[in-house]
Structures are given as C-alpha cells and as structure tokens.
Amino acid sequence: MNIESAIKYCLIIFTLIVVTACNSKKEVIEKPNILFILSDDHTSQAWGLYGGILADYVKNDNLKRLASEGAVLNNAFCTNSICTPSRGSILTGQYSHVNQVYTLSEPLPKGHPNIAKTLSENGYQTAIIGKWHLVGEPEGFDYFNVLPGQGLYWNPIMKTKENWVDGYNATGGKEHKGFSTDVITDLTISHIKKRDTTQPFLMFCNFKATHEPFDYPERFASLYEGMKIPEPESLLDFGKETTGRTFGGQILERLGARWEQATKNPDKFWTDYPGLPYSLEGLDSIQKRKKIYQKLVKDFMRSGAAIDDNIGKLLDYLEEEGIADNTIVVYTADQGYFLGEHGFFDKRLIYEESLRMPFVIRYPKKIKKGQRIDDIILNIDFAPLLADYAGIERPGYMQGRSFRDILEANAPNDWRKQMYYRYWLHHPHRPAHFGIRDNRYKLALFYGQGLDKKGTSNNTTKPEWEFYDLIEDPKELHNAIHEEKYTSIIKTMKKSLQDERIKYGDLDEDYPVMSEILNTAFE
C-alpha cells in the first residue's frame with residue numbers, strides 16, 4: 001500500500017470512528033425527557049375527557065390539546081385511593097404493603113428504591129417540584145423544592161435540601177408569592193431551563209390542586225357565577241338502606257360543617273376555604289345537600305381551571321424550547337374524588353369515582369395520537385413504563401409492568417384482566433377494605449380493622465361484602481352480594497381475589513386478628 005492509499009485508508013477509519021462516536025452520543029441525547037405532571041384529587045369527572053354531567057362545564061382546552069396529541073387511559077386505577085400511598089406507589093411501582101406507605105403519615109423507608117433513583121443511576125437529571133407529601137426527605141432526586149405536607153394554596157412555603165427537616169413543618173422554607181399552581185409551574189420551567197442539555201431529564205411537577213379546600217386564583221373567581229351545575233343522580237342518597245352499601249361514607253354535610261367551623265373559628269381550624277361565609281341556615285336536608293354540592297363542584301372546577309392553564313404553559317414552553325417531540329408528557333391525578341356521587345365528597349373507596357385515575361400521555365415519536373385505551377392499568381405500572389422508555393429493563397423491585405406495548409398498539413395477550421385494591425386507613429365511616437375489579441364486576445370485603453396503622457380508628461366494624469355489576473349498575477347504586485343470579489360469579493371472584501393477594505404477597509400474616517375474618521369470609 002502506497003503512502004497516498006494509506007492516508008486515504010486512515011481518513012476513512014477516522015471518519016468511521018467519529019461517526020460512530022457521534023451516533024453513540026446522539027443515542028444518549030435522544031433518550032426521551034420525561035415531564036410527569038401530577039395533581040391531587042383532580043378526578044376524571046372534572047376533566048371533561050371522560051364524559052359525564054360536568055363535561056360541558058369544565059375548562060379543559062389544554063387537557064383536550066394534550067389528549068388529542070397523545071393517548072388517554074379509560075381504565076387506569078389506583079391501588080390505595082389516598083394521597084400519600086398513591087404517590088408512594090407511583091414512585092416505587094409497589095403496593096402499599098411493600099413500600100410501607102399505608103396511610104397519610106408514613107415516609108418511604110430510608111434507602112428504598114424508586115423510579116427517580118433508577119433513572120438517576122442511568123444518566124437522567126431528576127427533580128421534583130411541588131407537592132411531595134411523603135414525610136421524609138425525597139431520595140433519588142438531584143433537586144427538589146417541595147411543599148411541607150399539604151402546603152398552602154397562596155404564597156406557598158417550599159423546602160429544598162438546604163432547609164429540609166422531616167415532617168410537615170414549614171420552618172426554614174422559602175415563601176413564593178402567588179397561587180401555588182402558578183408558582184409550581186413557573187419553578188418547574190425555571191429549573192428545566194437550567195438543565196444540562198446533553199442529558200435527558202425526569203421532572204415531576206406536582207400540583208397541590210385540586211385538594212380541599214379547593215382554592216383557585218382570582219382570575220377564576222367569577223367562573224360559574226350564577227350558574228346551576230347539573231347534579232349526579234345519587235346526590236340525594238342519604239343512607240345505606242337504599243343501596244345496600246355497608247357503611248355510611250363521607251357525606252357532604254360534613255363538608256358543610258367544616259365551612260361553618262372555618263367561618264366561626266378561622267384561627268383554630270386546620271384550613272380556610274374560598275367564598276366564606278356560605279350560609280346553610282334554615283334549609284331542609286335536600287336543600288342543604290344541593291347547596292353544599294353547588295359550592296363544592298364550582299370551587300373544584302375553578303381549581304381545575306388553574307391546572308388547565310398551567311398545563312398549557314408547560315406545553316408551550318416545551319415547544320418554544322424545541323424539545324416537545326422528544327419529551328414524554330404525562331398528566332394524571334393521584335386518585336379520583338367524589339363530587340356528590342352517593343352524597344359523598346373525598347375519596348378512599350373502591351367505588352369508581354374514587355378508584356379511577358384519569359391519565360393522559362403524549363410522546364409524538366412513539367405514541368399514536370388520539371388513542372383511547374381500555375386495558376386495566378394501575379399506578380404501580382407507571383414507574384415500569386418510565387423505566388422502559390428510558391431504555392432500562394424493569395427493575396426487580398417493581399411489582400407493576402410497563403404498558404408501553406399497549407400504548408404503541410402492540411398489546412400483549414397476557415395483560416391483566418382484573419386488578420387488586422386495598423385501602424388501609426380504617427374509620428367506621430370508610431372501613432378498611434380490599435377488593436377486585438375486572439371489566440364487568442367488582443367485589444370488595446370491608447373488613448373494618450385498623451391493624452395498628454397510623455391514623456386508623458380503634459372502632460372496628462363488622463366485616464361485610466359488597467358486589468357490583470358494572471354493566472347493569474355502572475353507578476354502583478345496588479349492592480348485589482345476596483342476589484342468587486350472581487352466586488357462581490361471586491364464588492369465582494372470591495377465588496380470584498385470593499389469587500391476587502397471593503400474587504402480590506398481601507397475605508395479612510402479621511395480623512392475627514385477620515385470620516378468623518378471612519377464614520370466615522372466604523368459606
């Protein structure tokens with residue numbers, strides 16, 4: 001080989017090396033960014049994407065924009081319908097009995113694995129801004145700036161690593177002027193702007209809204225003024241006698257009583273509410289419930305309107321930054337919420353309004369836009385999905401499963417046909433229970449024991465079964481547990497419920513009081 005040929009050969013080899021290196025670098029850079037937007041209690045009834053009586057009233061321009069550019073899950077469910085445990089499951093991909101976040105007072109154990117740690121170990125910049133609510137210091141995040149506990153709607157105080165103290169104490173935190181949903185969005189955008197653009201990011205943007213006291217910015221104060229919002233058909237359900245349900249529930253009148261207490265003793269009550277005083281004096285039981293409902297639903301939708309505004313701001317920023325196509329955007333709520341259905345407010349129950357998690361995801365490179373997906377997805381599946389899109393094999397600590405193939409129109413034949421649910425924070429009005437839901441039926445055992453979990457009541461309740469046919473009775477207005485035509489179905493579902501408990505290792509072996517209950521219940 002002459003000198004000229006040797007030089008040409010070397011140049012070719014050098015070019016190949018450079019191209020290969022660039023491609024490798026490009027592959028790392030092209031891992032998707034992930035913007036995970038999480039609200040609190042922003043139930044599917046108030047999204048306007050799932051139909052229902054509020055669909056024509058909610059402000060949802062940006063939610064509809066996100067849905068039209070991505071996929072909406074019709075059957076996403078939480079595994080424990082209350083704020084702190086749901087957040088624990090989203091982060092870890094685990095049920096409460098595994099990650100040990102059962103009620104409202106437990107932190108994730110120190111050193112416990114989570115999706116932020118996993119992605120951080122695989123080249124992602126990780127951050128969380130907004131509501132945390134998991135008591136202990138966030139782990140796995142390169143940066144955090146979070147509300148202490150529930151935090152404030154107005155001029156929220158937020159805590160970073162530099163001023164962190166475990167618990168919900170705001171002492172030492174920094175005050176941020178403005179309404180929390182706006183503040184959290186602005187802080188999120190500001191942090192993303194400071195990122196290392198050679199690495200992908202995982203950003204959790206966690207809103208306090210629409211959690212009680214359902215506050216909203218001044219720009220929405222007149223929204224729905226003078227309007228009468230349609231009522232759910234079960235609004236005037238005043239007791240378990242009409243439906244056969246086995247417990248009282250969190251009735252709207254208790255919310256009305258809270259408004260009264262907050263009005264009379266504002267310095268002693270745990271929160272304040274917009275629009276007080278709100279008089280309920282002189283009303284009969286029907287008038288009172290109807291009036292409570294109107295304030296609740298209007299305040300709730302106003303709070304949701306601020307979320308919609310800020311989703312738009314986040315989407316606009318991604319486009320302006322030129323990273324929209326390579327950023328996975330998720331918007332979901334940590335659980336559902338009752339807006340007058342069954343005469344209730346709050347969540348916690350296996351009933352549909354509480355159990356269902358609204359969920360939309362956009363990723364233009366991989367997810368076909370405009371999809372509606374009916375498969376049963378759980379909050380323990382979110383972390384495996386994010387790991388999958390980050391190019392990471394599902395970590396062994398996760399109990400959930402990635403649903404990427406479902407999103408990309410390649411659904412596996414062995415995807416779950418049923419889901420397991422368990423609520424631990426026992427109170428006689430809302431007893432501790434577990435249950436199973438498939439595409440048609442739902443079976444739950446309200447076992448009524450606190451099992452010494454933090455915040456639970458010592459006032460136990462009699463174990464009771466409930467069963468609903470979600471096709472014949474989609475609003476769950478009739479407990480059909482004793483109907484003969486369902487005898488064989490209930491028997492089969494009890495066996496399936498036991499199988500699910502074995503599958504996930506939730507066997508109550510540490511609770512002797514449960515042995516007799518379970519032996520009798522599953523006879």
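Which residues lie nearest the centre of the second largest pocket? They are Leu104, Gln150, His211, Trp270 and Arg348, among the 20 residues that line this pocket. Before we look around further, please keep in mind that this is a predicted model, in which local features need pLDDT of at least 70 and side-chain atom pairs count only at pLDDT 80 or more, while totals for chains, interfaces and linings use all residues. Residues are numbered from 1 along each chain as its sequence is written, and side-chain values use heavy atoms, with hydrogens and water left out.

Let us begin with the helices. Here helices (H or I, at least four residues) and strands (E, at least two) are DSSP runs, numbered from the N terminus. Find helix 9, residues 285–321, and then helix 8, residues 252–264. These two pack at an angle of about 70 degrees, and their axes are 9 Å apart. Axes are lines fitted to C-alpha atoms, for helices over the stretch in contact, and angles run from 0 to 180 degrees between N-to-C directions. Helix 8 is therefore roughly perpendicular to helix 9; angles of 65 to 115 degrees count as roughly perpendicular, under 35 as roughly parallel, over 145 as roughly antiparallel and the rest as oblique. On the helix 8 side, Leu252, Glu253, Leu255, Gly256 and Trp259 make the contact (heavy atoms within 4.5 Å). Their partners in helix 9 are Ser285, Arg289, Ile292, Tyr293, Lys295 and Leu296.

Helix 9 also packs with helix 6 (residues 180–193), this time at an angle of about 15 degrees and with the axes 9 Å apart. So helix 6 is roughly parallel to helix 9. The contact has six nonpolar, four polar and four charged residues. In this sorting, Ala, Val, Leu, Ile, Met, Phe, Trp, Tyr, Cys and Pro count as nonpolar, Asp, Glu, Lys and Arg as charged, and the others, Gly among them, as polar.

On a 1 Å grid over the protein atoms alone, a cavity is a set of points where a 1.4 Å probe fits but cannot get out, and a pocket is an open set with protein on both sides within 12 Å along at least five of seven lines; lining residues have an atom within 4 Å of a point. Grid points are joined across faces, edges and corners, and a volume is the space filled by probe spheres set on the points.

The whole structure holds two cavities of 30 Å³ or more. The largest cavity has a volume of about 60 Å³, and helix 3 (83–92) gives the largest share of its lining, three residues. Among the lining residues are Leu38, Arg87, Trp132 and Phe204. The second largest cavity holds about 30 Å³ of space, with His42, Lys59, Phe300 and Met301 among the residues that line this cavity.

The largest pocket contains about 610 Å³ of space, and of its 27 lining residues, Gln45, Gly52, Glu352, Glu353 and Lys475 lie nearest its centre.
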